[in-house]
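Here is a short report on charged side chains that pair up. Look at the structure first, then read on.

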Amino acid sequence: MPLTLEQLAEEAMQLPAASRALLADKIVESLDFSQPDEILTVSAPESLRRRDEVRSGKVKAIPGEQVIAEVRRLVGR
């Protein structure tokens, strides 16, 4: 019996961050952009550009937990 989407997500969240990033990358690459709507037309190239910058080392990714902590600090939570 195949996993439900929730079960699959729970399993994926158990992977190390680098593995989750690779999995997310594979999922994004699998999307069919043959009939993009206006948002995808704008966002897909930008997403791919940013992905390539991270892959090449041009920019350094910041862990989500760190970003959330900084936002909470800035807004006083």
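## Glu53 and Lys58

Glu53 and Lys58 join their side chains in a salt bridge, with N to O at 4.0 Å. A salt bridge here is a side-chain nitrogen of Lys or Arg within 4 Å of a carboxyl oxygen of Asp or Glu. The model is predicted: local features need pLDDT of at least 70, side-chain atom pairs count only at pLDDT 80 or more, and totals for chains, interfaces and linings use all residues. Residues are numbered from 1 along each chain as its sequence is written, and side-chain values use heavy atoms, leaving out hydrogens and water.

Lys58 is exposed, at 63%. The cut-offs are simple: buried is under 20% relative accessible area, exposed is over 50%, and partly exposed is in between (1.4 Å probe, protein chains only).

Glu53 sits in helix H3. Helices (H or I, at least four residues) and strands (E, at least two) are DSSP runs, numbered from the N terminus. Leave aside residues up to four places away in sequence, and Glu53 touches Lys58 and Val59. Touching means contact, with heavy atoms within 4.5 Å.

Asp25 forms a salt bridge with Arg51. Their closest N and O atoms are 3.4 Å apart. Asp25 lies in helix H2 (residues 17–30) and Arg51 in helix H3 (residues 38–56), so this pair ties together parts that are 26 residues apart in sequence.

How accessible are the two partners? Asp25 is buried, with a relative accessible area of 12%. Arg51 is partly exposed, at 21%.

The pair belongs to a network of salt bridges. Its linked residues are Asp25, Glu29, Arg51, Asp52 and Arg55.

Now turn to helix H4 (residues 64–75), which holds both Arg73 and Glu70. These two form a salt bridge, and their closest N and O atoms are 2.6 Å apart. They are three residues apart, about one turn of the helix.

Arg73 is exposed, with 54% relative accessibility. Glu70 is partly exposed, with a relative accessible area of 35%.

## The whole count

How many salt bridges does a search of the whole structure find? It finds ten. Among them are the Glu53 and Lys58 pair, the Asp25 and Arg51 pair, and the Arg73 and Glu70 pair.
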